Amino acid sequence: MLQYIRKPSGNITVAMLLMVIAMMSGFTLSSLAMRDVMAFQYDFENLQTMLFLRSEAYRGQKIAQKMGSVIIPVRTTERAVEIVNSAMKKTFKMQSVLQKGTTLDTLEDIVVGDQKQMTEVRSLVRSKTGIGQVAFANPKHSIIRKYGVLTLESETFAKFMYFSDTDASMHGNPVYFWGPDMLYGRVHSNTDIRIKQGGGGDNNGWPIFHGWVTTNGVVLSTPAGYNVNEVFPGGLTENYGHVVFPDQANRIRNTGNYVGPSDLDRERIMLVEVNGSSYTAQMGDPTDWVRSFSDVYIPYPPPNPANLQYRNIYMIRDTVWTMAGNGNSGNRSQFVNSKLWLKGTFGSYQTWGCADTLFLIGDILLSGTSRGTNPAGNSSDVVGLVSEKSIVVKYAYRSPVDSLRIHTNMGPDTGFGGIWIYAAMAALGDGRGVNWKDGVFTFEYQHPHPSVPNFRIGNTVYKWIDLHRRRFPQSVPWPPLIDFPWYNPIWPERVPYLERGYISIYGSVSQRRRGFVHRSYLDAEWPSGGLWNQPNDFCGGSSAPGLVAHTDPVLGIPLTNVNYPGASGIGTGYKKNYFYDSRFYKTSPIDFPEVTRKDETPFAALNWVIKRPPESL
């Protein structure tokens, strides 16, 4: 080495070698620096694009909440955001398309019932080099693009185990939750919630709410002091936002299958029995009103010669039943533009709605769940029931086939006899200020009194005996010991039933106003004074058996009212055995009414998936 250095030519050689090394080092350092810059820009752009994708998905969700459910695809306006720093100038452009949801195969707990109430927000984010006119004139986008699909599910009233738009009775009187009441699942009221200590139960006389409770008002208690954590272990939020309760089943009307005539007739009855995913229907058409009369005798049945007093003149009508065919009800909603009488065992996803009162004439069961068991493991069958008036547990009816009396929905207390309902229910009726026209979940024939049955003497059958004994329509109060004509749906009935067992629910209840499921013999908060006016809930005197039981003075037969065999209690109606169907946290019945708050439709995010991006939306 020294010999090269001592020579002039060697110095040049070494200098050139050092220069080459320096140049190579410079190139290497420049390459490393360039790579770091490129890596920074790539990482920055990649991260920024992901953040904008999240932002764009959220923007799409907010637009969906304003629009509600999407019928046809909707494209949002393109949004551009410029980012300038010492290392780069970039313009990020983003846009979304909102469309009806499709099948989700990435989550096992999303099932077919959701599909009609899902919305997809498909978002694409791209970038260009430069800002302003430079970016506008640049035809090329960056190779970094982000594309995501946010799947939203609209919140329906099935999410509430118990919902009341007005927590008051049909008389406007306060209604309380008390000792025997144990509620599982979400509870909401648009008015104050009242609780009362008393009546037994497992919480020192107080009710227990195991799910989250919200109220647009406050909780009022009697007495005033109570332990919040013991009564509301699932949480309590007062002064919560108002939840808009619709008055029409618009989604079922618009997309469901009409069963029976499509024209509205509030007097018509569609009797439907469901078996799996099919149904059979009978249609009851009321006849024209016919003038009728009953001669009044004292006594009646009359002796010979008869002692005629006067003649009752009134209007009556009959119901003519015809077969209305059958059909497939699987994985769809059905709408009846009249009254609906419904029972059966339901397979698949079904929702039944009607324009008038929905009467439950028997159990509402699921094909894949045994009566009395929890449906949590059943992923195949989900039922919704929606009435634009009220949902009523029917007392009894006459068979359209042979006119025999059928007492439904009754049973002993053992085994929770009565009626079982596996469904989300919504009673939407809006009385427009008339309380007793508001939609409620309730039971039929709440003030039973005995009436004199048809009776044979020799070769003569005497019918409608009570109409032949006193003035009708009434000009003086109807006698308190007997039933008013036709108040009982199978009138006359010598021994009607008071206590009828349990209403057992695996599902949810949403109603305009709190409906009665149990009544006292005589309502002290709404005394009838012995008068009869059923629309105003004036139903004669007390229904206490000790007060109405008597022997018919002419026929010598006992008349009274009794509890259904095996059912106990003091009053009329049902005990409660209510459980929330926990499947409704993840799925809803098809076309079930949706929740809105302040003109917004709440959506729950089910899934957000980043996918391979297309060139454009």
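1. The lining of the largest cavity divides by class into 5 nonpolar, 4 polar and 2 charged residues, where Ala, Val, Leu, Ile, Met, Phe, Trp, Tyr, Cys and Pro count as nonpolar, Asp, Glu, Lys and Arg as charged, and the others, Gly among them, as polar. The lining residues are H447, Y521, L522, D523, W526, P527, S528, D537, C539, G540 and G541. The volume of this largest cavity is about 70 Å³, and the search of the whole structure finds 1 cavity of 30 Å³ or more. A cavity is here a set of points, on a 1 Å grid over the protein atoms alone, where a 1.4 Å probe fits but cannot get out, and lining residues have an atom within 4 Å of a point; the points are joined across faces, edges and corners, and the volume is the space filled by probe spheres set on them.

2. On the basis of the values: this is a predicted model, in which local features need pLDDT of at least 70 and side-chain atom pairs count only at pLDDT 80 or more, while totals for chains, interfaces and linings use all residues. Residues are numbered from 1 along each chain as its sequence is written, and side-chain values use heavy atoms, with hydrogens and water left out.

3. The structure holds 28 salt bridges, a salt bridge being a side-chain nitrogen of Lys or Arg within 4 Å of a carboxyl oxygen of Asp or Glu. In the pair R268 and D265, the closest N and O atoms lie 3.9 Å apart; R268 is buried at a relative accessible area of 4%, whereas D265 is partly exposed at 25% (buried means under 20% relative accessible area, exposed over 50%, partly exposed in between, with a 1.4 Å probe and protein chains only). For R371 and D363 the corresponding separation is 2.8 Å, and R371 is partly exposed, at 41%.

4. A further salt bridge joins D413 and K575, at 3.2 Å from N to O. This pair links distant parts of the chain, 162 residues apart, with D413 in the loop between strand 28 (405–407) and strand 29 (418–421) and K575 in strand 40 (residues 572–580); strands are DSSP runs (E, at least two residues), numbered from the N terminus. D413 is buried, at 18% relative accessible area, and K575 is partly exposed, at 22%.

5. T357, in the loop between strand 23 (349–354) and strand 24 (358–366), is buried with a relative accessible area of 14%. Leaving aside neighbours within four places in sequence, T357 is in contact (heavy atoms within 4.5 Å) with K339, L340, S387, K389, S390 and V392.

Technical notes:
Helices (H or I, at least four residues) and strands (E, at least two) are DSSP runs, numbered from the N terminus. On a 1 Å grid over the protein atoms alone, a cavity is a set of points where a 1.4 Å probe fits but cannot get out, and a pocket is an open set with protein on both sides within 12 Å along at least five of seven lines; lining residues have an atom within 4 Å of a point.
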